[in-house]
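Look over the sequence and the fold first.

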Amino acid sequence: QLVESGGGSVQAGGSLRLSCADSRRTASNNAVGWFRQAPGKEREFVAAISWNGDSTNYADSMEGRFIISRDRAKNTVYLQMNSLKPEDTAVYYCAAFRRPYYSSGVGPNYWGQGTQVTVSS
C-alpha cells in the first residue's frame, strides 16, 4: 500500500517535500514514480527512481526543480519540489512498477490515493 503525504498550499517560488510510504513493501525491489493530475488535464509523469536509487528520470519541465529520492530502510520515496509555480498545482500520485527500472513505455501497477499540491501566485 502506497500512502502519500506532504501536500499542501504554498506560494510561488516555495518548496514542498512529498513522501510516499510503502507500508507493505510493495515497491521495495521495484521502481517508483510520481505522477500528477491537474484539473481538466490528463495524468502526467513527473519523476521516477529505480529500485536502489541509482537511476532517476524526470519530465523535462520538472528537471532541475524537482528531486526524487528513496530511503530503502524506511520504505519511503520522496519528491522534493523547489521553485514551485502555479502550473504545478495538481494532485500528486505515487506509483510503483513491477520492474526495477523505470521505462517510459510501461505504466505503473500500484497507485497511492494522491495528495493535493496548490501553488498560488
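Contact here means heavy atoms within 4.5 Å. Leaving aside neighbours within four places in sequence, F66 is in contact with R36, V46, Y58, L79, Q80, M81, N82, L84, D88 and Y92. This is a predicted model, in which local features need pLDDT of at least 70 and side-chain atom pairs count only at pLDDT 80 or more, while totals for chains, interfaces and linings use all residues. Residues are numbered from 1 along each chain as its sequence is written, and side-chain values use heavy atoms, with hydrogens and water left out.

Next come the strands (DSSP runs of E, at least two residues, numbered from the N terminus). Two strands pair if DSSP finds at least two bridges between them. Strand β1 (residues 2-5) runs antiparallel to β3, and four bridges join them; S5 has S19 in β3 as its bridge partner. β3 also pairs with β8 in the antiparallel sense, over six bridges, and there A21 is partnered by T76 in β8.

Buried means under 20% relative accessible area, with a 1.4 Å probe and protein chains only. Five of the seven residues of β3 are buried, so β3 is largely enclosed by the rest of the structure.

Is N30 buried or exposed? N30 counts as buried because its relative accessibility is 16%. N30 lies in the loop between β3 (16-22) and β4 (32-37). Not counting residues up to four places away in sequence, N30 touches S50, W51, R70, F97, R98, R99 and P100.

Conventions
Buried means under 20% relative accessible area, exposed over 50%, partly exposed in between (1.4 Å probe, protein chains only).
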